[in-house]
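Q: I would like to go through this protein by asking, for each label that is attached to it, what the label rests on. Please set each value against its definition before you conclude.

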Amino acid sequence: MPAPRISLEHWRALLAVVDEGSYARAAKALHKSQSSVTYAVQKLESLLGVKAFKVQGRKAGLTPTGELLYRRARYLLDEATGLEQAAKKLSAGWEAEIHLAVETIFPTWLLLGCLARLGAESPHTRVELIETVLGGRDDTLLQSQAELAIFGTIPQGFMGESLMRVRFILAAHPDHPLHKLGRKLSIKDLRAHRQLVVRESSPRRATPLTMEATQRWTVSNLATSIEAARSGHGFAWLPEERIREELKAGTLKALPLREGGERYAELYLIFTDREHAGPATLRLAEIIREAVASECKRSDAPARRRTRLGGTPTSRGAGRPSSAAPSRRRGGSR
């Protein structure tokens with residue numbers, strides 16, 4: 001690739017003349033003499049063999065070619081500035097890419113908000129999101145596939161802190177035969193119908209099922225399980241946050257169990273290697289903590305906001321689920 005003949009200073013002079021409206025004001029904005037700015041623009045036109053400006057009365061306006069040059073020059077200088085900022089971040093130790101593993105039951109709207117905040121602060125740090133179900137968390141951490149994770153249990157050999165609780169409810173379409181019984185349901189009632197289960201990310205599938213149903217559909221995506229339940233194909237334990245709109249619209253309805261009609265899963269924030277975590281990883285963890293705490297503390301907000309996360313977080317620093325808040329293993333969608 002041949003080296004460019006036009007320097008960034010030439011392009012900056014062109015932009016300044018257009019943005020400031022005259023050579024004199026452009027020179028003042030660039031802290032240069034007017035003659036040097038004029039020379040830079042003329043040099044640019046000469047090297048490219050084009051005319052960037054045309055005389056319109058007493059003013060000079062852009063030619064169609066000049067308009068194209070202006071747009072591309074703006075992009076070029078923005079990219080150059082962004083490259084300098086990225087280099088500055090990297091020189092300060094900010095990672096070029098971080099990997100975040102998250103249980104699919106963590107509220108998507110909250111997660112995306114956290115990633116957006118990190119993107120605003122460090123736009124050149126790429127994020128790879130690894131969405132997992134149950135047992136996949138162990139593989140992700142043990143094989144160092146992620147620097148940070150949000151999981152329902154803390155794998156052996158790792159430390160974590162409690163983030164929040166997620167409420168699960170057993171739900172089915174309002175026209176499902178179980179709703180037609182018109183009474184509190186028992187485990188025996190459930191076993192006679194199809195259960196919808198989300199498959200673990202790990203091929204080992206070490207997490208035991210909470211119930212042996214006569215019929216079962218196993219899917220690999222929580223959204224598929226929700227859609228199957230909404231379409232009347234079975235019942236499933238589902239995070240309340242993920243089916244709030246379906247419950248409101250009446251396409252899903254909580255099943256009236258005789259006991260155990262709701263379950264909770266505790267979610268933990270876990271570092272693969274806290275001591276060697278980079279600034280971007282540490283900042284993302286801080287953003288996640290702040291976002292969860294902010295949502296959970298809105299006790300004075302309307303009921304829709306108060307219950308959005310399905311409960312309040314337990315004290316941080318816990319290493320394992322409390323008896324009041326069963327782990328994902330005990331209270332998950334399986």
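Q: Where is the place of His 176?

A: In this model, which is predicted, His 176 lies in the loop between S6 and helix H7 (177-180).

Q: Why is His 176 called buried?

A: The relative accessible area of His 176 is 6%, and buried means under 20%, so His 176 counts as buried. Leaving aside neighbours within four places in sequence, His 176 is in contact with His 193, Gly 232, Gly 234 and Phe 235.

Q: What makes the approach of the His 176 side chain to Leu 178 a polar contact?

A: A polar atom of the His 176 side chain lies 3.0 Å from the backbone nitrogen of Leu 178, and the cut-off for such a pair of N or O atoms is within 3.5 Å, so the pair meets the distance condition.

Q: What is the phi of His 31?

A: His 31 has a positive phi of about 60 degrees, although it is not a glycine. Most residues other than glycine have a negative phi.

Q: How do you know that Thr 125 is buried?

A: Thr 125, which is found in the loop between H5 and S4, has a relative accessible area of 8%; buried means under 20%, so Thr 125 is buried. Not counting residues up to four places away in sequence, Thr 125 touches Trp 94, Glu 95, Ala 96, Glu 97, Ile 98 and Ala 280.

Q: Which polar partners does the side chain of Thr 125 reach?

A: The side chain of Thr 125 reaches the backbone oxygen of Glu 95 at 2.9 Å, and a polar contact of 2.6 Å joins it to the side chain of Ser 122.

Q: Why can S3 and strand S4 (residues 126-132) be called paired?

A: Pairing requires at least two bridges, and S3 and S4 have 7 bridges in the parallel sense, so they count as paired. Within this pairing, Ala 101 stands opposite Ile 130 in S4, and S3, H5 and S4 make a right-handed β-α-β unit.

Q: Which residues touch the most other members of the largest nonpolar core?

A: Of the 39 residues in this core, Phe 106 and Ile 288 touch the most other members. Helix H11 (279-296) is among the elements that give two or more residues to the core, and H11 gives the most, with 8 residues. Leaving aside neighbours within four places in sequence, Phe 106 is in contact with Leu 111, Ile 150, Leu 163, Met 164, Leu 267 and Val 292. A second, separate core of 20 residues includes Ile 6, Val 37, Phe 53 and Leu 69.

Q: What makes Trp 237 buried?

A: Trp 237, found in strand S9 (residues 236-239), has a relative accessible area of 5%, and since buried means under 20%, the label applies. The C-alpha atoms of Trp 237 and Ser 225, 12 residues apart along the chain, are separated by 9.3 Å.

Methods. Residues are numbered from 1 along each chain as its sequence is written. This is a predicted model: local features need pLDDT of at least 70, side-chain atom pairs count only at pLDDT 80 or more; totals for chains, interfaces and linings use all residues. Side-chain values use heavy atoms; hydrogens and water are left out. A nonpolar core is a set of buried Ala, Val, Leu, Ile, Met, Phe, Trp, Tyr and Cys residues joined through side-chain atoms within 4.5 Å. Buried means under 20% relative accessible area, exposed over 50%, partly exposed in between (1.4 Å probe, protein chains only). Helices (H or I, at least four residues) and strands (E, at least two) are DSSP runs, numbered from the N terminus. Contact means heavy atoms within 4.5 Å. A crossover is right-handed if, with the strands pointing away from the viewer, the path from the first strand over the helix to the second runs clockwise. A polar contact is a pair of N or O atoms within 3.5 Å; within protein, one must be able to donate a hydrogen and the other to accept it, and residues adjacent in sequence count only if both atoms are side-chain atoms.
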